[in-house]
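User: I want to learn what the labels on a protein structure rest on. Can we go through some of them?
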Amino acid sequence: MIYNAIIHEPGVNVNGRYYSPKVCEQIAKQLNGVLVFPDVKLGGKRDPKEAIGTVRYAECDKNNRVVAVLDLNSTPLVMGLAINAVGRTHLEQQHGKQVTAIDEIGQIFSVDLTDEPASGDQILP
């Protein structure tokens, strides 16, 4: 089953992390071929046997959102997405609040389905 998705949006997410348009471009460049999993598990690489699909055709749209096609083996039960990745960060002020600014995405391990997406990530109807 093929789904269009917003994988990530620039700005400050609900977890207080700031993603610049430049970082969203880094995410898009690394996403093609990344495996999709049915749940969120932090901590790096996952067992590929548990994957339910793959990310394809990732790019940044005109609003600097990371958009892609998800090629899934089944219909997802939840429509939110989360990226399991590591990178370099620093603390800074954004709109009067201290946030963790993402400087660089080092490696993306997976895209995971979630019912609590932090950065506007969603499978589109």
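Analyst: Start with the word pocket. On a 1 Å grid over the protein atoms alone, a pocket is an open set of points where a 1.4 Å probe fits, with protein on both sides within 12 Å along at least five of seven lines; lining residues have an atom within 4 Å of a point. A volume is the space filled by probe spheres set on the points, which are joined across faces, edges and corners. Here the largest pocket has a volume of about 560 Å³. Of its 26 lining residues, the closest to the centre are R17, Y19, I83, N84 and A85.

The model is predicted: local features need pLDDT of at least 70, side-chain atom pairs count only at pLDDT 80 or more, and totals for chains, interfaces and linings use all residues. Residues are numbered from 1 along each chain as its sequence is written, and side-chain values use heavy atoms, without hydrogens and water.

User: Which strand gives the most to the lining of the largest pocket?
Analyst: Strand 7, with eight residues. Strands (E, at least two residues) are DSSP runs, numbered from the N terminus.

User: Why is Y57 called exposed?
Analyst: Exposed means over 50% relative accessible area, with a 1.4 Å probe and protein chains only. Y57 has 63% relative accessibility, so Y57 counts as exposed.

User: What makes the phi of Y57 worth a look?
Analyst: Most residues other than glycine have a negative phi. Y57 is not a glycine, and its phi is positive, near 55 degrees. Y57 lies in strand 5 (residues 53–60).

User: How do you know that H95 counts as exposed?
Analyst: Its relative accessibility is 77%, so H95 passes the cut-off for exposed.

Notes:
Helix = DSSP H or I, 4+ residues; strand = E, 2+ residues; numbered from the N terminus. Buried < 20%, exposed > 50% of the residue type's maximum accessible area, 1.4 Å probe, protein only.
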